[in-house]
Amino acid sequence: MFTENQNNIQRHALKTEIKTVFNSDSGVTYFSILIETSSRMSLYNVIIKTFITQLQKANRESQIQIITYGDSVNTIFEFESEPNTLKESLKEIKFSKDNEEAKLGEAMRMCFENIESNWSSDLMSKIIIISSGQSTDDSSDDLVDILSLDNNSIYGLAGCNSTSKSSDEAVKDLQSLLPDQKVIPLGKNPSQDIRLLMNGAAANAANGASSSDEEHSINCPVNIEVYPHSNETKSIKDDLLLDVVIKPDGNTVLVPTGTKIKFSSNKYYSGYTIQLKQNLVFGEPYEETIKLEFKKGQMEKTQFENFPSKITFQIELANDKENVHEGFVALNISYFLGELKSKYRCCIGVEGEIGNGKSTCLNGFVNLFNPSSELEEYFNANRTIDTHVTTSINNTSLKEILSSKHYIHPVQESFHDIDIAWSDSWGFVDTDVPLRYKAEGKIHHGTKKDECTILQPDDRYRIDCFIFVVSIRTFNNATSMQRIEKKIKEVLHLGITPLLAITFSDVLSKNQLQDVMKNKVAELSVQESNTFIISNYTERETHKDISKDVQYLRLLTKAVQLCKVKNEKDLMNKVKGISNLSINDNNNNNNNNNNNSFNQTPIKSQTFFESSSSPPAFFKSPTQQTSTTSTPSPSSSSSTLPPPSQMLNEQPSKTINVTIDVVTDPSGTILTSFEIESSSNESVSELKCKLINEIDPEMNANDWNITKETGTILFESARLSSVIKSSDNSDSIKLVLKKKQKLF
């Protein structure tokens, strides 16, 4: 449908690119790569293997065969082989040190036989011959056979080690072996060679042919502009709404009715197809709002991992079945920050050793709110491991950053509900003050490392959440690890949940990283669900990478969730404290001899999770409850029932991931979400105990239920294995920790 959008002036288009795929209806493309392995080609070893690797990446749906020819001819990679085995097959390409034989004719014959055995009407064949331009056998008859195939093209890449032969001469020699076929010199840029060969953008330079003689690139006759439907930043869990504007390009009279623009589905979003219902003429654009639905039920960790950097699409023209035009829309992370909205100010501090990436991590956070593609540096980042670049406390808030800008991007205007401040500090030193002074707001902005003065508390500088940034290298330093663990325990003692960000993990292999996570990271007093692997931007990177932005967003989302929990607890404790003070004042005014008066002992303050009528705020396991009308004996109070998993018949256990939404009100508003590892043999009761210990050990377990997403309450004695049976995923489940509602 045609739509009018009144905010066109305010809209900013997302980056969109389109390329043409030739002869899309011809089905799968079969690439045959013939490689001369004589001594004349030995210096091109790395370039040739890189060319093949990049060719496969650019044509993932295609089939490849690789034939080497020198004094013998061998097929080292066959059609229909698994693509992931190509890397190992490339090791079999061996170049001779002294043999100059090159049996190109025999190689062509083998290539022809392999193609013919796989031939079908929808097959497209592309043969790439990498050669010095020499053949020690007759290749003419075999070339004729290959040229007799339908939907077949031959390309040549010419190169030569010999100092007596230039690349131009090698091109001419190979051209004589492949008359009327496209031949270019084998260069040092494989990606460029692929574009020159496949896209038809350049003609044979050696023959002096013009690029417009026979082959030319096909321009897409359709222009597509894509805008976010709203300038309001949304939750990463929301459906994605995009405004798509379609119009003919300047060289096209019309785009015919029936033309389709197909937006592909991915692990995160569903797909969508636009089909033109009438001819689209120049000067009359068509606009449609598309809705890509968020695929619900994703686990917290995989949800962020699956978030796409771009949305791909195809343009199928009703009047051109020969070609499909492919494109993508690059997503901008600044439009997906809705989870960071909060009615509270959230102040996040980073702690760690010198050079572990604290300031760089903070820059990653702040750049989430930067809609441009270029990175900006707000915190002075240290690129060494032994020098303090940050020598004073630097408190910076998002509001301060935005207020200093001369121009505000439309999406930045929607950040008014995001109140985040960051605190950057110097690397750990032996003279550091306890972290509780930072948590209380007694260490102010500008405080210097060598003159760390404790001042009056100021809410602007109060830290609500601490992120410990630790380089993977630090885990081998026992002294540093002891210092970090000490700082983490300081934070835990304050009732604040610490987060751990591990940097520089790319220096280790996957197995090495898993070993460190299992044996070293586990020694720190940080929950695994609160541990994050962060790949920071390097000093050479100048533009944003959404795959890195997503990891920063995941960590920052967790930090903001913890800040919300802490602020809610602080607020409720403050309210309860005022209420208790009022009750005590009334009690003091009553007759001390009146036994029916209020109890003189102050009522213990409760956490925000508890209602005013809840029992005293200490954790009560459902398996340890006693009657409220009798007093337990010392012996009975000290004994405990065995955990439910011991009372049930033991079954083989496996580790599962549990994603938990915490819901505190009847409307179903999710206060926070997190992921935790559990065992399939654990009971619902044990899981609840673990959750409560992570959120707030003073919560009263009797006030909470664990339910399915549908709202079904789970029995406390049920094992998680029974819950998994009803789930589609045997390794993960999503549940809800929901506060019970009072009936009156």
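Me: Which residues of S5 lie on one side and which on the other, and are they buried or exposed?
Reply: This is a predicted model. In a regular strand the side chains alternate between the two faces of the sheet. On one side of S5 are Met124, Lys126, Ile128 and Ile130. On the other are Ser125, Ile127, Ile129 and Ser131, and both sets are buried.

Me: How many residues of strand S5 are buried?
Reply: Strand S5 spans residues 124–131 and is mostly covered. Both of its faces are covered. The count of buried residues is eight of eight.

Me: Which residue in S6 is the bridge partner of isoleucine 127?
Reply: S6 runs over residues 152–158. It pairs with S5 in the parallel sense, over seven bridges. The bridge partner of isoleucine 127 is isoleucine 154.

Me: What handedness has the β-α-β unit of S5, H4 and S6?
Reply: The two strands, S5 and S6, are parallel partners. Helix H4, residues 140–147, belongs to the unit with them. The unit is right-handed.

Me: What is the order of the four strands in the open sheet that contains S24?
Reply: The pairing in this sheet is mixed. S24 (670–679) and S25 (704–708) stand at the edges. The order is S24-S23-S26-S25.

Me: Why is one side of S24 and of S25 left without a neighbour in the sheet?
Reply: Strands of a sheet pair through backbone hydrogen bonds, either parallel or antiparallel. S24 and S25 are edge strands, so one side of each has no neighbour in the sheet. The reason is that each has a single partner strand.

Me: By what angle are neighbouring strands of this sheet turned against each other on average?
Reply: The sheet consists of four strands and is open. Direction is ignored in this average. The angle is 30 degrees.

Me: Which helix packs on the sheet, and what angle does its direction make with that of S24?
Reply: The helix is H16, residues 684–695. It touches S23 (655–663), S24, S25 and S26. Its direction and that of S24 make an angle of about 125 degrees.

Me: Which residue in S26 stands opposite lysine 708?
Reply: S25 pairs with S26, residues 732–739, over five bridges. The sense is antiparallel. Opposite lysine 708 is leucine 735.

Me: Is aspartate 180 buried or exposed?
Reply: Aspartate 180 lies in the loop between H5 (167–177) and S7 (182–185). Its phi is positive, about 65 degrees, although it is not a glycine. The relative accessibility is 78%, and the cut-off is over 50%. Aspartate 180 is therefore exposed.

Me: What is the phi of phenylalanine 504?
Reply: Phenylalanine 504 sits in the loop between S21 (499–503) and H12 (510–519). At 32% relative accessibility, it counts as partly exposed. Its phi is positive, in a residue other than glycine, and is near 60 degrees.

Me: Leaving aside neighbours within four places in sequence, which residues are in contact with asparagine 380?
Reply: Asparagine 380 is in the loop between H8 (358–367) and S18 (394–397). It is partly exposed, with a relative accessible area of 47%. Its C-alpha atom and that of serine 359, 21 residues apart along the chain, are separated by 6.4 Å. The contacts are Ser359, Val389 and Thr390.

Me: Which residues are in contact with serine 264, leaving aside neighbours within four places in sequence?
Reply: Serine 264 is in the loop between S11 (260–263) and S12 (272–275). Its relative accessible area is 30%, which means partly exposed. The contacts are Ser270, Gly271 and Thr312.

Me: Where in the protein is confidence lowest?
Reply: The mean pLDDT of the protein is 80. Confidence is highest in S14, residues 286–292, at 96. The lowest mean, 39, belongs to helix H14, residues 634–638.

Notes
Residues numbered from 1 in each chain as written. Predicted model: local features only at pLDDT ≥ 70, side-chain atom pairs only at ≥ 80, totals over all residues. Heavy atoms only, no water. Buried < 20%, exposed > 50% of the residue type's maximum accessible area, 1.4 Å probe, protein only. Contact = heavy atoms within 4.5 Å. pLDDT = per-residue confidence, 0-100. Pairing = 2+ DSSP bridges. Axes fitted to C-alpha atoms, helices over the stretch in contact; angles between N-to-C directions. Right-handed = clockwise from strand over helix to strand, strands pointing away.
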